[in-house]
Amino acid sequence: MRVEIITPEKTLFEGEASFVYLPGSDGSLGVLNNHAPLISSLKKGAIRVKEGSVEHTFQVKGGTVEVLSNKVIILAE
Amino acid sequence: MANLKEIRSRITSVNSTMQITSAMKMVSAAKLKRAQDTITRMRPYADKLQEILSNVSSSLSGNENKFSRQREVKNVLIVAITSNRGLCGGFNNNVIKEIRYSIREQYAGTDVKVVSLGKKAFDFFKRSSYHTNTGFGDTPYSIFDNLTFDNSSAIAKEIMEQFSSGKWDKVVLVYNRFKNAAVQQMMHEQFLPVLPPVNQEAGSSKTDYIFEPDKEQILENLIPGSLKIQLFKALLDSNAAEHGARMTAMHKATDNAHDLVKELKLNYNKARQASITGEILEIVAGAEALKG
């Protein structure tokens, strides 16, 4: 699935990933391929993106995530 | 006819001024490019945020958020966004004029305060009774020294807090919007209370989203975010417009200097010719006198 992490100042990450871990404000979320459409707010924490065998980690203060048809868009702050 | 030496020194001085203005034009062009890039980088975020916001709020009717509450307008805060430096044509004056006009006309009878982002507005308003910067630190006007989202959102947050505490009933932004390098558009934009999002073909994307935790809370999270973006966008726009205005102003100044140098050179040559003609006349007259 396609993952984009965007902040107001730049795009932090853009690429294909097999798994995304998110600090949802109601508890952690894991997003795999073919996840159902979802909009959630995020709290302070780390986003982990698994791209093949590499794992990227991003620290965020908060934000919002939208998952729609295998596209994960994270608006981070 | 002015004397030769005088004209020569004027030519030199106009030439060196021209060098300065054309250098400033180049610098502004480079800065404009960078400012535009920042806007382009922010655009996907702003667009997506707007999309999610309208997505969430379209299916949520009659929401009374603390930022969208309409009150009787008694206290108005005007956020004046100008530049820190001059030499950019009417850029700053337009903002100041617009604010003075709206204080007199639109907000007559209300209590208006102005918070200045940008040194030029600060210099103008600091002595007037409209000036305020309580809660914004010592120098809210120095934001342009280091224009980042963090700095801008700190200001946005402070404005939001003051609004929800009831200190202001209405907050507006006055700034120049970047249209192209030569044209700036005066903007007078309502910041708070939040205007209901324009219903752009409601239901165009009727996807069944799972909302977590729930719509109300997501909205509560999104609205401050979109307000921060709105202020940041205004600041970036103003920044780009400033460099555009300066570039145009400096371009005109360089052109004017060119014309001036041309005219001065013509005068200089005329004066030189006149003095040569005078000398020849003297020699001829002398020779004639010797003959006779």
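Trainee: Where is N70(A) found?
Mentor: A note on conventions: residues are numbered from 1 along each chain as its sequence is written, with chains lettered from A and ligands numbered from 1 in the order in which they are written. This is a predicted model, so local features need pLDDT of at least 70 and side-chain atom pairs count only at pLDDT 80 or more, while totals for chains, interfaces and linings use all residues. Helices (H or I, at least four residues) and strands (E, at least two) are DSSP runs, numbered from the N terminus. In those terms, N70(A) is in the loop between β8 and β9 of chain A.

Trainee: What is the phi of N70(A), which is not a glycine?
Mentor: Most residues other than glycine have a negative phi. N70(A) has a positive phi, about 60°.

Trainee: Which element gives the largest share of the side of chain A that touches chain B?
Mentor: Residues are in contact if their C-beta atoms, placed from the backbone, lie within 7 Å, and 19 residues of chain A are in contact with 23 of chain B. The elements giving two or more residues to the chain A side are β5 (38–42), β8 (63–68) and β9 (71–76). The largest share, 4 residues, comes from β5(A).

Trainee: What is omega for the cis peptide bond that joins L192(B) and P193(B)?
Mentor: Most peptide bonds are trans. P193(B) is in the loop between β4 (184–192) and β5 of chain B. The cis bond from L192(B) to P193(B) has an omega of about -5°.

Trainee: How far apart in space are K167(B) and L77(B)?
Mentor: K167(B) is in the loop between α4 (149–164) and β3 (170–178) of chain B. Leaving out residues up to four places away in sequence, K167(B) touches N75(B) and Q162(B). K167(B) and L77(B) are 90 residues apart in sequence, yet their C-alpha to C-alpha distance is 9.1 Å.

How values were computed: Contact = placed C-beta atoms within 7 Å.
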